[in-house]
Amino acid sequence: MAHCYVHIPFCRERCPYCDFFLVPGTRLMEPFFDALLQETEARLCEFGSEPVGSIHFGGGTPSLAGPRRIGRWLALFSDRVEIKGDAEITLEANPEDCRKHVMGEFRTLGINRVSLGVQSFSGRKLERLGRKHTPDEACQVMQEMLGLFGNVSLDLICGVPDEDMDEWHADLEAAISLQPHHISVYMLTVEAGTKLQREIHWGRCTGPDEGFQAEAYLLAVERLTQEGFMHYEVSNFARPGYFSRYNSGSWRREPYIGLGPSAHTLLKDGSGERRKANVASLVRYISAPHDASTGYELLTPEERQTEEVFLSLRLGEGIALQQLQVIHRQRAQWLEGMLEKFMLEGFLEIRRGRVRLTPRGFLFSDHITQTLLPS
Ligand code: SF4
């Protein structure tokens with residue numbers, strides 16, 4: 001099944017911790033959409049004959065584009081590409097932009113899943129994160145979105161400077177009490193070039209405490225799974241039947257086509273698997289949308305295997321033991337020893353022929369994955 005990602009690179013302001021490709025303000029929204037329509041037209045042939053199983057409007061804050069522009073893109077796309085009848089069509093949105101009647105218009109256009117950047121229900125944390133909504137607004141908007149859409153996700157961030165376990169616990173309980181279908185839990189990271197990094201460098205605030213984040217992550221896994229959420233990816237929890245189809249598809253390396261600046265594409269055909277990335281420059285994108293990408297790169301078998309191991313071990317379902325045995329067939333004993341070591345440390349388990357990281361293992365997933373990559 002193929003998927004489509006549309007990157008809409010605008011936010012009202014850049015949050016202090018964010019290093020995504022985006023520009024603050026919406027002045028270039030109209031020329032951007034003209035370019036997006038041109039790029040889409042030019043790349044329709046890449047979608048082939050297989051119906052598209054999901055469309056994800058990400059960003060940035062795609063809801064800032066408004067129903068008129070999103071509707072214009074959907075009209076072009078659905079006219080020329082077959083979309084599965086039950087396709088998941090997600091719009092990322094921030095609570096301060098979710099006016100009920102506007103979101104109702106998005107629903108009429110076919111948006112059937114909303115992913116809300118709530119981040120926290122603590123006024124102190126929201127202020128620290130530079131977010132523009134209040135805890136009350138987040139709760140009210142969540143309730144309204146749950147009334148409008150049959151599939152609502154919310155994001156939480158953990159490890160904000162000076163956060164303690166009571167504050168994190170309260171965030172988890174508030175999220176659970178709203179009964180969303182899906183919750184993403186992200187640990188705050190300090191990205192190069194961000195305002196947060198500069199503030200830490202100048203001593204104006206402390207960086208995230210890894211020990212605290214590890215404990216907080218395990219608490220999130222415990223509470224959310226107790227409440228019936230499935231821990232289906234390192235940072236993602238969903239009620240049965242509500243896994244994000246777009247994200248699951250990309251983690252399982254199903255083909256996806258990314259439109260918009262900085263978006264990535266993975267195509268599979270008779271000649272193999274090919275990746276490409278669009279330019280991370282709005283000016284270049286708007287001035288030459290037909291020429292937005294860096295060109296396709298054919299993946300070598302080693303690159304494919306590396307991606308498979310790396311992405312599969314992020315998932316709750318893990319990777320087939322047999323697949324690891326094929327990858328490491330030249331050093332079968334070494335693999336057995338490594339798996340045994342990680343199992344004894346409580347980082348990994350093998351069930352029904354699949355190697356899966358435990359919640360504690362997810363805390364060390366970079367190290368474990370790095371070890372199990374093809375040599
Ligand atoms: S709203 Fe989201 S995408 Fe936009 S700047 Fe903040 S964190 Fe980044």
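Start with the charged side chains: a search of the whole structure, which is a predicted model, finds 30 salt bridges. Side chains of opposite charge can pair when their charged atoms come close.

**Stop 1: Lys132 and Glu13**

Select Lys132 and Glu13 and show their side chains. The two form a salt bridge, with 3.4 Å between the closest N and O atoms. Now colour the elements on either side. Lys132 sits in the loop between α4 (123-128) and α5 (135-148), while Glu13 sits in the loop between β2 (10-11) and β3 (23-24), so the pair ties together parts that are 119 residues apart in sequence.

**Stop 2**

**Stop 3**

Zoom out and colour the chain by domain. The domain assignment gives residues 2-249 as domain 1 and residues 300-375 as domain 2. Their C-alpha centres are 29 Å apart. Eight residues of domain 1 and seven residues of domain 2 take part in the contact.

**Stop 3: the interface**

Show the surface where the domains touch. Domain 1 and domain 2 bury about 730 Å² between them, and carbon and sulfur atoms account for 72% of that area. On the domain 1 side, select Leu218, Glu233 and Val234: these residues lose the most area to domain 2, and together they make up 50% of what that side buries.

How many salt bridges does the rule find across the interface of domain 1 and domain 2? The rule finds one. Polar contacts across this interface, counted with both residues at pLDDT 80 or more, come to three residue pairs.

**Stop 4: the domain 1 side, by element**

Finish by selecting α8 (210-226) and β9 (230-233), the elements that each give two or more residues to the side of domain 1 that touches domain 2. The largest share comes from α8, with four residues. Colour this side by residue class to see six nonpolar residues, one polar residue and one charged residue.

Notes
Residues are numbered from 1 along each chain as its sequence is written. This is a predicted model: local features need pLDDT of at least 70, side-chain atom pairs count only at pLDDT 80 or more; totals for chains, interfaces and linings use all residues. Side-chain values use heavy atoms; hydrogens and water are left out. Domain bounds come from an automatic or database domain assignment. Contact means heavy atoms within 4.5 Å. Buried area is the accessible area (1.4 Å probe) that two parts lose on being put together, summed over both. A salt bridge is a side-chain nitrogen of Lys or Arg within 4 Å of a carboxyl oxygen of Asp or Glu. A polar contact is a pair of N or O atoms within 3.5 Å; within protein, one must be able to donate a hydrogen and the other to accept it, and residues adjacent in sequence count only if both atoms are side-chain atoms. Ala, Val, Leu, Ile, Met, Phe, Trp, Tyr, Cys and Pro count as nonpolar, Asp, Glu, Lys and Arg as charged, and the others, Gly among them, as polar.
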